[in-house]
Amino acid sequence: MPLPAPSQRPLTATALHILLVLGERRLHGYAMMEELEARTGGAVNLLPGSLYTTLAQLVKAGLVREVPPPEYERQGGERRYYQRTPEGRTAAEREARRLDAVVGLAREQGLVPYRGPARPS
Amino acid sequence: MKAARALYRLLLRLHPSAVRDRHGPEMERWFQRSLARQRERGRIAAAAYVLAVAADAVVSGVAARMTASRPPGLGGLASDLAAALRASARRPGRVLLLALTVALPAAAITAAWALVDAALLTPLPFPDPGRLVAVYPSLPSHGIERGRVTGTEFLTVRDEVPSLASVGGVWSRFGILGGEEDPEHVDLVWTAGSFFGTLGVEAHLGRLPTAADDLAGAPPVLVLSHDLWVRRYGADSAVVGRRVLFDGEPRTVVAVLPKDFRPHMPAGVLETEDVDVWAPWRGLYAEQPQAWRFFTLVGRLAPGATLDRAREDLRLVAADLQQRHAEYGDADLALLAEPLREDVVESVRAPLFGVLVAALACLLVACVNVAGLLAVAVGERQREFAVRRALGAGRLRLVRQVLAETLVVFVSGCLAGMAGGVLLLAAFQRLRPEGLELMAPPRLTPAVAALTALVVLAAGLGFSLAPAMRAGARPDPARGATGDPRLQRMRGWLVSGQFALCFILVVGSILLLRSFDTLRTADVGIRPAGVLTARVSLPSSRYPYAEPEPISGFWEALLAAATHYPEVEAVGVTLLRPLDTPADDTEPLAWIDASGEEVPWGTVGAHLSVVSAGWFDAAGVELVAGRPFDTGDALDAPLVAVVDEGLARRAWPDGEAVGRQVRVNRFLRAGTEPAWATVVGIVRAVKLTDPAVASPPQVWLHHLQSPRRSLTLTLRTRGGGQEAVVGRLRSDVRALDPGLALFDVRPLRTFVSASLSVPRFLLALIGAFALLTATLATVGVHGLVSQVVSASHRELGVRIALGASPSTVARAVVGTGMWRVGLGVLAGAVGAAGLAPALRTLLYGVSPLDPVSFAGAAGALAVASALALIAPARRALRTEPAGALRDG
């Protein structure tokens, strides 16, 4: 069986976190780290080494692109801003569905508690 | 703050340039802001943060570089390693602990390999070193196994052995360099023939002496060592050609040796490898007394000649010598040729390989510990592996992933270990024991690093393979995460293996300890406490043997002065020093036995020394019968001798040695003349060579009856005041002869401690390894039983609920571990017994199968293991039945 194309291989956790936190906005690296930490209650704590190397890979893969900073940042700022591309959204969506399928498989084997409505007896 | 910023900037360089150029400034700004925030929380928080950020920079940077640069087809392996690095970054504490467990023995192995390389594998630093041989005369009946040659033997080997292209000799002495204004004692080696030419040494300055410079009547020349040239002559290149005084005789300096030149002679041939001056002897070799053995020979095989050919030539020459010279009598003279390198390293081979084997055993024990912890980690991650198998990951993929994580541990442990090994080598250079000569300074060469890495990684991955294979196997769903019985059994066998290796090391160190203690307390025949020694050497130019009176007069005057020092109880002089005499420094003997028959000359070889009347008291040698020397034993009086009790028992078993006749070489006037001496006293045997080796018979003559130029003063002092004694001695020596210098001043006990330096060194090393492996092994059994307790949580709950007593539960828990320990100890005992022949060469006064040592090692390990099992036993006792049954 041939390997999936690079664009269809599973994303690393860091890559998925970046694509999710970007959403439809433009953010710089520091903001991504802060927002991710805040929105996950500290469960995900990206450090700059992991963040920026993954960001470079996402840019290279075309899932994220660099964009001009907002107007209020253009004077004297050296930050680089990024935005998710449509291909990035597709990849995030595909990865989320894959994880959902995995969790479903784990749930069937009793490895993960069922969190949905009560099962019919 | 600045240091942290500088460190982060350095770590950023690990990232590919694409990332660094694009994001570097922003990452630095982010780091500064975050660090400032952490500093508000305190120093510890800030330090922990810096460490975490540094680890992240290392891991992500290396992973990014590997991903960017991996060749096609290695994508899977590279991603495994990248994932392993990320997993390690998430559990830095665990990885650090495992890496440290590997780093300690890796450091030991690095140092051990470097020592073996420097001592045993590095060739002699001379051109074509494999063609250099040492030539020894052998006369077993005279007690000479590998001796020094006589003048006649040297000439014969030089001129009549066609398979040796050149021959040279060395004879270790000392002398005085300089005149009355600046006399300096120096270590001298007389050379015979073409010594430097034979080795192939080139001078740093000038030209080295050749065979022509060794002819009688040739102009006297001198070669300086590099150190002496720098120290005394300020590295002045104009020293070549200068005339200097040596032992009162003008000599021309013809050469300076290279900076790191060492002659690399076999152990015991030279007083020291740090020789100050070298000079051709220029003597009349053929006219020297047949009994006088003085040079050790080295030869270079002629082009096309083999060692076997040289040995055959020497055999023929020896037979011819014996026929031509009646002095050999019935002695079976042989001339031996041995590769020079083999002789040089012979004395250190066994101890160094012992150290290497101990370090390897240590590594194996550490690998077992890591493998055991890996087995636990694999067990705990069975859910993760189940999910990945469900996603389609093959067994090999999972095993590879686990091995990649193990590789991270062993690579980091190996690298840290090599760094530690460099530190160990630096410490070794400072603390190196006497007698452990190396071909080159030990260092971390590429070969040593590669070998260490190969051994550590092979051992690590080898032991980790079995637990890693469990990652790909389907677990028993009824057992849960920690309860896989196969993993537990595997771990149990590994623990037994650890204890087997550990037992061998522990019993080895106990045996070495007992051996060392026996050596340390062995009766060496002297009482060294409070005794000072110092040497004086009279130059031949002003104190020729042809006129012995000035020689005796000097010593008697010096002894008379020293006797009156208030700090001194007794004083004497001696030719041969206890525990510092080469084993082959023996002379033939003859004696009249109890039945009146003469035991032939040369039947036995004995150490022959000259001493003054007070030396036996000064050195603390016990008189057993008869009397020591006295003032009546003058030069023209009948020759008398004192013998040791060993010779007395052998020669005169009836116990009546005093008054018997013994024939010895007597150095007098022009040379050596065997003469009959009357035995006047018997003393306890003195260990003149190695305390671990049985001493040859000993005979002492009075220095007035056999004058010698180079003697060692021995002064027994009361209380302190040794510095004052040394000051007085220096003054009195200069007052008697301003051209003389006192040298080699040291307490007699330093001879004792120097003779113990190699056994002490071995004991310290093996003992350290034994302690390390014992610690690792007890940690291993602790971990095993803790795991069993966790896995048996429910079962223990049931037992307690059914009424099992605490002692029953504790016994069951402890028994689980102890029977593994017992099995390992049993296997270790068998292994230690198998190593007994090898260990025998390193021991003194204790058998390698000593039952007390074996029992002691077993007891020590049993106690250590029992203590390690207290915590898991207590945890088992605290099991709550209801909770255990509920948690299942």
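Modeller: B:Arg542 is partly exposed in this predicted model, because its relative accessible area of 37% falls between the limits of 20% and 50%. B:Asp737 has 6% relative accessibility and therefore counts as buried. The side chains of B:Arg542 and B:Asp737 meet in a salt bridge, with 2.4 Å from N to O. B:Arg542 sits in the loop between S11 and helix H15 (548-563) of chain B, and B:Asp737 in the loop between helix H18 (722-736) and S21 of chain B, so this pair ties together parts that are 195 residues apart in sequence.

B:Arg535 pairs with B:Asp744, the closest N and O atoms being 3.8 Å apart. Since B:Arg535 belongs to strand S11 (residues 531-537) of chain B and B:Asp744 to strand S21 (residues 743-747) of chain B, the pair ties together parts that are 209 residues apart in sequence. B:Arg535 is buried at 7% relative accessibility, whereas B:Asp744 is partly exposed at 27%.

The partners B:Asp580 and B:Arg577 also meet through their side chains in a salt bridge, at 2.6 Å from N to O. Here B:Arg577 is buried, with a relative accessible area of 4%, while B:Asp580 counts as partly exposed at 29%. Over all chains, the structure holds 39 salt bridges.

One salt bridge is counted between chain B and chain A. It joins the side chains of B:Arg37 and A:Glu34, at 3.2 Å from N to O. On the side of chain B that touches chain A, helix H2 (17-41), helix H3 (43-69) and helix H11 (382-390) of chain B each supply at least two residues. H2(B) gives the most to that side, with eleven residues. In total, 22 residues of chain B are in contact with 20 residues of chain A. The area buried between the two chains is about 2,100 Å², and carbon and sulfur atoms give 59% of it. B:Arg22, B:Glu26 and B:Trp30 supply 27% of the area that chain B buries against chain A, more than any other three residues.

Charged side chains also meet aromatic rings. B:Arg33 lies over the face of A:Tyr30, at 4.5 Å from the ring centre. Within chain B, B:Arg728 lies over the face of B:Tyr565, at 5.8 Å from the ring centre.

The rings pair among themselves as well, and the count comes to 26 aromatic pairs over all chains. One of them is the tilted pair of B:Phe196 and B:Phe261, at 6.3 Å centre to centre and with 55° between the planes. This pair links distant parts of the chain, with B:Phe196 in helix H7 (residues 195-199) of chain B and B:Phe261 in the loop between strand S7 (249-256) and strand S8 (277-280) of chain B, 65 residues apart. B:Phe196 and B:Phe261 are each buried. Elsewhere, ring pairs link B:Phe154, B:Trp171, B:Trp281, B:Tyr285, B:Phe294 and B:Phe295 into a cluster.

How values were computed
Residues are numbered from 1 along each chain as its sequence is written. Chains are lettered from A and ligands numbered from 1 in the order in which they are written. This is a predicted model: local features need pLDDT of at least 70, side-chain atom pairs count only at pLDDT 80 or more; totals for chains, interfaces and linings use all residues. Side-chain values use heavy atoms; hydrogens and water are left out. Rings of Phe, Tyr and Trp (its six-membered ring) pair if their centres lie within 6.5 Å; planes under 30 degrees apart count as stacked, over 60 as edge-to-face and the rest as tilted. Helices (H or I, at least four residues) and strands (E, at least two) are DSSP runs, numbered from the N terminus. Buried means under 20% relative accessible area, exposed over 50%, partly exposed in between (1.4 Å probe, protein chains only). A charge sits over a ring if NZ of Lys or CZ of Arg is within 6 Å of the ring centre and within 35 degrees of the ring normal. Contact means heavy atoms within 4.5 Å. Buried area is the accessible area (1.4 Å probe) that two parts lose on being put together, summed over both. A salt bridge is a side-chain nitrogen of Lys or Arg within 4 Å of a carboxyl oxygen of Asp or Glu.
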